[in-house]
Amino acid sequence: MTIIITSLLFAAILGALLALIIGAAAKAFAVEIDPRIETVTDMLPGANCGGCGYAGCADFAKAIVGETVPPTQCPVSSPEDARRIAEYLGITAEEKEKAVAVVRCSGGRSTTLRSPYNGITDCRSAVVVAGGAKGCDYGCIGFGSCARACPFGAIEIRDGLAVVHPDLCVGCGKCVDTCPKNLIVLVPAFVDVHVYCNSPEKGPVKRKVCKTACIACRKCVKAADSAEQMNIKGFLVETNYSNPPLPDLVEKAGCPTTALRQASRHAAGEYEGVSK
Amino acid sequence: MSDKPRKFKGGVHPNDSKALSAGKPVQDAPLLDKYTVIIHQNIGAPPELVVKKGDVVKKGDLLAKASGFVSVPLHAPTSGTVSLIDKCPGPACVSVPAVTITADGEDAWGDCLEPIPDWPNTDPAILKQRVADAGIVGMGGAGFPSHVKLSPTKPIDTLILNGAECEPYLTADHRLMLEQAEDVVLGAAILARILGLKTAVIGVEENKPDAIAELKKLAGKYNVTVQSLHVNYPQGAEKQLIYALTGREVPIGGLPMDVGCVVQNVASAAAVAEAVLNGHPSIERITTVTGEPLVNPGNWRFRLGTPVSKAIEMAGGVSVQPAKLLLGGPMMGFAQNTLDVTVMKNTSGILLIPVETASQYTAEPCIRCGRCVEACPMDILPATISQAVENERFDWAAQLNVLACIECGSCSYICPSHRPLNQQFKRAKAEIMAARRKQQKK
């Protein structure tokens, strides 16, 4: 009985002593943290996607509170979220245009020529052995390196082609760096008309390997409301993102290869099997 | 040096299948009406084009001039007209610029380089310039400009000629050593003079006894040694060959000259002899066209720019549908997706693989048996590096010396789980080099 009492007493005294030491140390060596950082972190999406250029949401919050970056640099937060953070901190935040990713290729398994490939099913591994498995040197390889990199599940691999869902994409740009063919670009989200082709080759060369390549026939350039809305660069047409065309251009132009598409309808798969 | 065959540690023993074409003498390929010559045939800077569409060229005329030190000129394979300068399929399944020459059928030599019959008394610098002017590259497969290797910045005491030809199926170097032994040995003597050496050693795998005997007959005349090597893949890899012949190990990230060696391919040596004695640039090479599906496999002397489709026609076409077309040997060759690709200075073989041997496997998890570690001739740890690459830990892969990998494919060959080790290492090397270039730019 005495053994139990002594050991209990001893443990209690020791515990109390250590608690005192820890308590004193915590006071003496306390690290000053701005409480606002935690609040701002909570107001951020918490996806830790890195789209802002920082290691994660907490790191970014630190930078916002330090007033080195505006909260709008977070590509995921809606403008309202960013404004709320700005109001909380008493700073002004400039509105930032929302961006989305576009994979500039429409050559799926059924529309492009392919050679058999039995290696690692990863785009960055495929390019080191034979430049990918598709006939086109410039197109989407379709093994989904970008889809795996996307923290928001906005990229779908359909028919061997990476397709961005503009409603899910927040424009963080993570996929841009993973694509070994440099196919993915970030464009303003309000533009819906894009040219889904990246091959600088001549029209007949492209058509030989892909049914949906842009052959620079200029139909869309002529159909546009003003000449500057679609730019021709070599054998490829490009949407002018500073003066974009209206979505109805796709209907009006009647692109013979369906390389000109609306991002939303492309994501819904409405162009599949259209081109002959 | 003793007569006992030399070897290195590691390596694998694939079925060599050389009997298909080893007994077939080299034939001169008939003149075609069109040659599509790929401009960039060497490692280093692509040469600069000096002809334009419509130009009339003679055989051996300059098509493109060297655009730097690590670059070689390109010459016309026959006389005719430059009919097209456009892209054509390259050996890495990506389109590359090429010059198409429509032959006039005369096949007449143009103003060639001056022959140097008195080479033993010629300034080595002039001989070296000749090697550069003739556009000679490593014809074993890499295509590294020969004159660059002949300009070492460190003292050299050994010149090695690589006649190992360890890749299964290939017999081009074998036939060359057998039929043009004098050219090979002469080329060795000229290369030795350029390097200021008295002697050279030719390493040949012991599965080519006839070639060894032929070379040994001439060895005394030109003061070179012939050394037989153990049959073991990759015996013909530069670093493994140096180890087998001299016992020296090239340090990681180092070059053969760090251990006082220069290695040249036997076909390159024969090309050097041709360039010095006859003044002919490098416009043709011996290539093995082989594989079980072919009716009549053999060895041909092709002009640069001969389409693979024509080469297969010359070999009698195919009796059964092949599964795969490779440029080079089965271990390190590149799979092709078109027959329009053309013969280059480093095309040692055109290989058709039948369906049975091209059987494709699914990669299984690593069972940590360690066979890849035993097989690796570079003494790195393929299994561990594979793990690093699968987790995209390229920093870790770099620490494990993945950059020392020579991509010989021994690990992929031996792996009982059929893991794509070689491809993973290729990717790791590409990623690490890209990251380093990025770092340098900053």
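Is D107(B) buried, exposed or partly exposed, and how many other C-beta atoms lie within 10 Å? I began my entries with this question, and I note at once that the model is predicted.

**Entry 1: D107(B).** I counted 14 other C-beta atoms within 10 Å of D107(B), so the residue is partly exposed. I placed D107(B) in the loop between β8 (95–103) and α2 (124–133) of chain B. I then looked up its backbone and found a positive phi of about 55°, although D107(B) is not a glycine. I recorded for context that most residues other than glycine have a negative phi, and that most peptide bonds are trans.

**Entry 2: N182(A).** I found a positive phi of about 50° at N182(A), which is not a glycine either. I located N182(A) in the loop between α7 (174–178) and β4 (184–188) of chain A. N182(A) counts as exposed because it has 11 C-beta neighbours inside 10 Å, and the cut-off for exposed is 12 or fewer.

**Entry 3: a peptide bond in chain B.** I checked the bond from Y233(B) to P234(B) and found it to be cis, with omega near -5°. I traced P234(B) to the loop between β11 (224–229) and α7 (238–246) of chain B.

**Entry 4: a hairpin in chain A.** I looked up how β2 (residues 155–158) and β3(A) are joined, and found an antiparallel pairing over four bridges. Within this pairing, E156(A) has V163(A) in β3(A) as its bridge partner. Two residues lie between the strands of the hairpin, where D159(A) takes a positive phi near 55°.

**Entry 5: two helices in chain A.** I examined α2 (residues 35–43) and α4 (residues 79–89) of chain A, which pack at an angle of about 165° with axes 10 Å apart. The angle therefore makes α2(A) roughly antiparallel to α4(A). I recorded the crossing of α2(A) past α4(A) as right-handed. From α2(A), R36(A), T39(A), V40(A) and M43(A) meet D81(A), R84(A), I85(A), Y88(A) and L89(A) of α4(A). I sorted the residues of this contact into five nonpolar, one polar and three charged.

**Entry 6: where the chains meet.** I found 13 residues of chain B in contact with 11 residues of chain A. On the side of chain B, helix α14 (residues 421–441) gives the most, with five residues. I classed that side of chain B as six nonpolar, five polar and two charged residues.

How values were computed: Residues numbered from 1 in each chain as written. Chains lettered and ligands numbered in written order. Predicted model: local features only at pLDDT ≥ 70, side-chain atom pairs only at ≥ 80, totals over all residues. Axes fitted to C-alpha atoms, helices over the stretch in contact; angles between N-to-C directions. Parallel < 35°, antiparallel > 145°, perpendicular 65-115°, else oblique. Left-handed = near helix turned anticlockwise from the far one by under 90°. Contact = placed C-beta atoms within 7 Å. Nonpolar A, V, L, I, M, F, W, Y, C, P; charged D, E, K, R; others polar. Pairing = 2+ DSSP bridges. Buried ≥ 20, exposed ≤ 12 C-beta atoms within 10 Å, placed from the backbone.
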